[in-house]
Structures are given as structure tokens and as C-alpha cells.
Amino acid sequence: MGTGGRSGPRPGKGVAGAASAPCQYRCIECNREARELYRDYSHGVLKITICKSCQKPVDKYIECDPVIILINAILCKAQAYRHILFNTKINIHGKLCMFCLLCEAYLRWWQLQDSNQNTAPDDLIRYAKEWDFYRMFAIASLEQTAFFIGIFTFLWVERPMTAKKKPNFFLLLKALLLSSYGKLLLIPAVIWEHDYTPLCLKLIKVFVLTSNFQAIRDPGFSPQHQQNQQKQNTLR
């Protein structure tokens, strides 16, 4: 198999002694653990690893252009989220979280300024507006923190009593942060203001919640998934 569509070296390259390596990847189809994504033979000839559980390629996205992966993530495909979360090394979730909070704070600040009619001196108005933005940023941060804590608490309480593995909260946090990228659309919706801006803002919120749900639905966070994994291990 050629290397078309691959952008640089990928993790998961098959090497000698891979059988003894820990399982650090996931099949994007059935979410089972995998030791490697592909095997590199010679002269750039690659063979994608086939999952032993579902008999499908472990990760078909390793040969896809990042734009294709992004489009599939926007379409809320579980396979795309599994690829991003488990089979790539993306460390932009912190920066993305900060930028999304700034977008949320700007939206709140814009709505606040649009509703206020202040007749104070110009210098005082600019000073007040600046602190209003900081206040909106703090409120947005607190609301997002409360939202994440609520999800963590729900998954912790609802997890099966017989589950041996605890939810990976770091991976859950990463999934929630990365799937909140839809908040970046708030800025264009505010800049190009029109009669349908309120409707666009509501649709963006629905899209973000849908992306959050899809990102945490399959990677082993939900109680139902843990029960299914236990049944599969028992049958094996």
C-alpha cells in the first residue's frame, strides 16, 4: 500500500517484537485495543493492521488528509473522534479551550454592550467595558467547569458496580475540550450580524452539545459501554 495521503510519519508503526508491546491504540470501528495501526515493510510499502475483533482496518484515517478527518468530525462520526482521541498525538486541547472561552466571553460581552445604554464619560465607559469582558470570561469559565464536573459526577455515579476500570477522566476531559471546537463559530456569527443571528447562536449551541455527546459516547466513558466490554471479555 502506498503512502498517498499520509502527512509525515505516524505512530503505531509495526516493528519486530510488536507482539510484546502494550496496546496503546484503538480500533475506530469496534473500539477494541490494538497494538499497532499499520506495519511498514520496506521501501515505503505499508499494510494497515486488521482488527482481530471486527475484521476491519484498525484505523482507515491514517491515510486520509487532515481535512477529510475534520469534515468527518464535523459530521459527528464516532470513527473520526476515536481516531483523534486514541490514535493521534494532538496536544492543542488546552489552547483550544482557552480560545473557545474567549469566544464565549466575547459573545456574552457583545450581548451585554448591545443591551446597555451608558451616558458616562468615554474613559469611564472604556474602563467599564474592559472589566465587563473579564467578568464574562470568568462566568464562562465557571459555567464550563460546572458542566464538566456534572458530566464527571454522572459517569462516576452511573458506572456499573462490577466495573473494574474507573473512567479515564483525563481522556474524558480531552474529548470534551476537543469536541467544543464549535464555539469558534460564535465569532463569525457575531461579526456578520444579521436578522438570523439569534437562531445561528442557538444552532451553534446545539451543535456543540451534539459534538460533546458524540465524543464521549464511545471511548469507554459510558456505563453501557463498560458493561458491553465486560460481556465481550467474558465471552472471550
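The charged end of Arg26 sits over the ring of Phe86, 4.4 Å from its centre.

Trainee: What does sitting over a ring take here?
Mentor: NZ of Lys or CZ of Arg has to be within 6 Å of the ring centre and within 35 degrees of the ring normal. Bear in mind this is a predicted model, where local features need pLDDT of at least 70, side-chain atom pairs count only at pLDDT 80 or more, and totals for chains, interfaces and linings use all residues. Residues are numbered from 1 along each chain as its sequence is written, and side-chain values use heavy atoms, leaving out hydrogens and water.

Trainee: Which ring does Lys60 lie over?
Mentor: Tyr61, at 5.7 Å from the ring centre.

Trainee: OK, rings with rings. How many aromatic pairs are there?
Mentor: Six. Rings of Phe, Tyr and Trp (its six-membered ring) pair if their centres lie within 6.5 Å; planes under 30 degrees apart are stacked, over 60 edge-to-face, the rest tilted. One of the pairs is Tyr106 with Trp109, tilted, at 5.9 Å centre to centre and 35° between the planes.

Trainee: Is Trp109 buried or partly exposed?
Mentor: Partly exposed, because its relative accessible area is 21%; buried means under 20%, exposed over 50%, partly exposed in between (1.4 Å probe, protein chains only). Trp109 also pairs edge-to-face with Phe133, 6.4 Å centre to centre with 85° between the planes.

Trainee: Which residues make up the ring cluster?
Mentor: Ring pairs join Tyr106, Trp109, Trp131, Phe133 and Tyr134.
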